[in-house]
Amino acid sequence: MLQIAIQMDTQYQYRPLDQAKSEIRVLAILPESDGLVHCVLDNVSLEDYTPEFSCFMPNLSRGKRSDHWFRTTSDSTATEPLQSNSDTTHPIRMPKWRRDIDSYNDEEFKTYALGVDTSVQLTEWVKEGDVYSIRILTEGETKERRSLSAESEQSLAIKPRFKWGDYEALSYSWGSEKRERHIILNNTHFPVPKNLEAALQKLRTLPEVKSGMRLWIDALCINQDDIYEKNHQVRQMQTIYTIALGVVVWLGDVTNGMEDMVASMFSAACMMADPGASINPRLLRTDLSSFPETDIFPFFVLEYWYRIWIIQELALNHRATIFLYGNRQLPRRVIRNAASFAINFIPRSRRAIDQEQYSAAEHVMYIISMSTQISDLDRIHQLMQGSNAKDPRDKIYGLLGLLPSSITKRITPDYSLSKEKVYLQIGEAILMECKSLDKLLSWSSFREKVPWPSWLPDWTVPLNNRRHITWLRKRKAGGHALPQYHIVNEAQTLSVKGVIVVSVKTLSAGTTTAAEWCVTDVETRNRYGDRREISMALQKTLVMEHPHTFLLEPAVSLLGLESIPQAIISNIWWLDREEKEEIEDSCPYLDGLWGSMEEVTRDKDWRLFEDFRHRNANFSVFGYPFRSFFLSPRTNQQGCCTGRGSCPSLIPSRLTYKDRHNMNLCVISLLGRRLMTTETGYMGMVPETVKLGDIIAVLHGCNFPVMLRPHRNGYHLIGECYVHGLMDGEAVLSEESREFEEKDIILY
């Protein structure tokens with residue numbers, strides 16, 4: 001029995017790391033001696049290579065050298081028994097499937113899809129029709145299977161790269177920070193959170209750990225009370241995870257009722273391995289009527305997937321990643337297959353599944369497949385705002401290993417700085433890297449009575465519906481001029497060059513009840529022309545002139561539209577509430593009209609679109625009611641129609657997927673926004689938070705106009721906007737630009 005002298009009630013003292021030697025700390029888990037996990041923590045150098053590894057492909061980066069080393073020097077024929085984890089020179093044992101799972105053919109993949117089951121009884125997959133299910137083996141079968149799959153017969157012998165051995169890095173969710181459990185660390189009682197202690201209990205059962213694999217675990221290997229060390233180790237995180245022999249992920253214990261989810265997920269993963277799935281997914285989709293789709297999606301909303309740090313931890317290292325979920329040891333390929341199945345094969349029309357659940361599967365699919373630096377700044381913003389971090393500064397520091405070097409060279413992790421200072425650092429780095437204001441301003445969100453710079457994104461605050469940003473940034477409202485800006489860090493202000501265009505005079509209701517009409521008086525003057533041209537300008541405004549909008553022939557020649565060759569959304573008929581009730585009274589005309597709209601009315605966006613229209617039925621668009629720009633059964637070519645009996649009006653052609661698509665684009669534009677007109681005759685879509693008197697401005701180096709609110713000697717940035725007639729540089733390049741004076745605009 002292992003004899004250890006335990007020091008009680010003694011605070012653990014970390015030995016300082018030698019930065020000149022690229023030191024880190026690694027953990028060895030000792031053989032079990034009692035219920036506690038016993039560990040040894042050592043300082044080691046990442047430059048202390050074995051002579052063999054020092055000479056191995058020296059011209060490659062350390063990450064690529066480690067890839068080749070792992071693939072070419074591991075021996076799958078060795079049969080020596082497992083060695084003590086105190087031996088740093090002997091080869092380390094690792095299950096062969098961890099290295100080879102991505103190269104397995106479909107049948108081999110199905111065999112190893114569940115990895116290893118460390119529970120008392122083993123299970124196996126049984127194919128019933130097109131679906132795989134789990135069968136628990138009998139006690140005799142379990143005993144026989146274990147004897148046939150002895151660790152030595154299915155293991156690789158991994159040669160350590162360092163004189164002190166080798167290591168894998170742990171990726172996990174901290175969960176509660178309450179240190180309610182204890183481990184023995186270098187003979188000292190050490191308090192740890194419950195989830196970490198559970199992870200260590202599982203880790204010590206792995207053959208890799210039993211045979212000497214060390215572990216890097218941030219909560220233990222970094223002195224969390226030493227800010228100087230913490231700053232340095234965060235800078236080293238990219239290196240630590242990149243050159244680790246592999247990444248071990250702890251997803252947590254399987255809670256009650258989640259076994260069905262595990263079974264469904266791996267059933268899906270195995271079906272994705274079926275050659276027929278990749279050849280013709282539609283054939284497989286038709287066989288899913290009884291698939292328990294509600295079982296698979298909870299896996300994609302586990303707490304782990306939304307921790308900011310795990311994104312780079314998974315992306316930086318794809319060597320032999322293993323996911324521990326309860327007693328299951330799962331390869332990355334299984335989770336990737338299951339996410340792909342959920343996204344592509346479970347029809348989105350199923351009522352049990354909502355869009356957020358599909359988005360969760362897409363999120364997991366993205367981060368588990370990511371393997372390079374992120375060049376798309378929009379994706380960086382999404383990950384920052386959509387992931388969780390107990391320390392708001394980690395929204396930035398947790399992704400440093402994936403950001404372009406042109407940005408990271410300007411950021412030095414420093415936990416002595418405030419959240420505001422850290423966010424100012426990354427904001428300025430983004431401006432300098434992109435040479436464009438809109439890459440930063442499009443992710444800002446003004447909040448009244450919150451002491452935060454209106455122009456600087458607060459990545460702790462989620463922003464909804466950013467889908468419109470991509471196409472707004474493809475416009476050229478600011479012309480071709482580069483941004484001229486200056487950041488005053490002490491005052492947290494951004495000074496930019498631009499022009500003030502005009503103030504808002506009327507505002508429609510929005511999509512939320514908080515955004516009601518705001519009208520001073522009706523403005524009839526406009527910049528677009530007669531009623532027909534106003535109609536077309538309005539339709540383009542409602543979709544913010546999305547480039548993928550279908551331009552359609554008008555459904556019928558009504559409302560003076562016969563001279564407009566193409567329509568966008570005016571084909572979607574306007575029915576008042578009482579007219580819909582008449583459909584139930586079997587009015588043939590209205591019944592036929594409603595049937596012709598079925599393609600649109602059955603869509604998930606119909607209710608929001610229809611509610612917006614009716615809330616703004618009488619909103620004045622340069623003197624014309626908003627409702628008058630849509631086809632209505634109350635008006636026909638002769639100017640009279642009651643919609644009753646044998647109505648002479650023409651029933652329109654049936655609406656198609658193109659009309660539905662246009663409505664979907666309209667709803668994207670409407671979410672969080674509303675219509676506005678100005679005193680000089682512009683119309684546009686602005687954030688719901690805009691008030692009468694707010695200012696439209698066009699900034700140099702910003703591809704969309706912005707809404708500003710006067711504050712002190714400058715303005716607060718309210719958000720981006722679409723203004724029809726100002727999206728292509730008219731305010732700075734055309735004859736109209738003579739109306740406006742360029743000035744310095746200070747944003748608070």
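This is a predicted model: local features need pLDDT of at least 70, side-chain atom pairs count only at pLDDT 80 or more; totals for chains, interfaces and linings use all residues.
User: Which residues of α20 are buried?
Analyst: The buried residues are V422, Y423, L424, I426, G427, A429, I430 and L431, and they pack against several elements, including α17 (377–386), α21 (438–441) and β15 (493–507).

User: Switching topic, at what angle do α27 and α28 pack?
Analyst: Helix α27 (residues 606–615) and helix α28 (residues 657–670) pack at about 65 degrees, with their axes 10 Å apart, and α27 passes α28 in a left-handed crossing. W606, L608, F609 and F612 of α27 make the contact with M663, C666, V667 and L670 of α28; by class, these are eight nonpolar residues, with no polar and no charged ones.

User: How many aromatic pairs are there?
Analyst: The count comes to 29 aromatic pairs. One of them is W305 with F323, a tilted pair at 6.0 Å centre to centre with 35 degrees between the planes, and it links a loop between α13 and α14 to strand β12.

User: Why does W305 count as buried?
Analyst: W305 counts as buried because its relative accessibility is 0%, and buried means under 20%. F323 is also buried, with a relative accessible area of 0%.

User: Which aromatic cluster holds W305 and F323?
Analyst: W305 and F323 belong to one cluster together with F297, F299, F300, Y304, Y325 and Y358.

Note on methods:
Residues are numbered from 1 along each chain as its sequence is written. Side-chain values use heavy atoms; hydrogens and water are left out. Buried means under 20% relative accessible area, exposed over 50%, partly exposed in between (1.4 Å probe, protein chains only). Helices (H or I, at least four residues) and strands (E, at least two) are DSSP runs, numbered from the N terminus. Contact means heavy atoms within 4.5 Å. Axes are lines fitted to C-alpha atoms, for helices over the stretch in contact, and angles run from 0 to 180 degrees between N-to-C directions. A crossing is left-handed if the near helix is turned anticlockwise from the far one by less than a right angle, and right-handed if clockwise. Ala, Val, Leu, Ile, Met, Phe, Trp, Tyr, Cys and Pro count as nonpolar, Asp, Glu, Lys and Arg as charged, and the others, Gly among them, as polar. Rings of Phe, Tyr and Trp (its six-membered ring) pair if their centres lie within 6.5 Å; planes under 30 degrees apart count as stacked, over 60 as edge-to-face and the rest as tilted.
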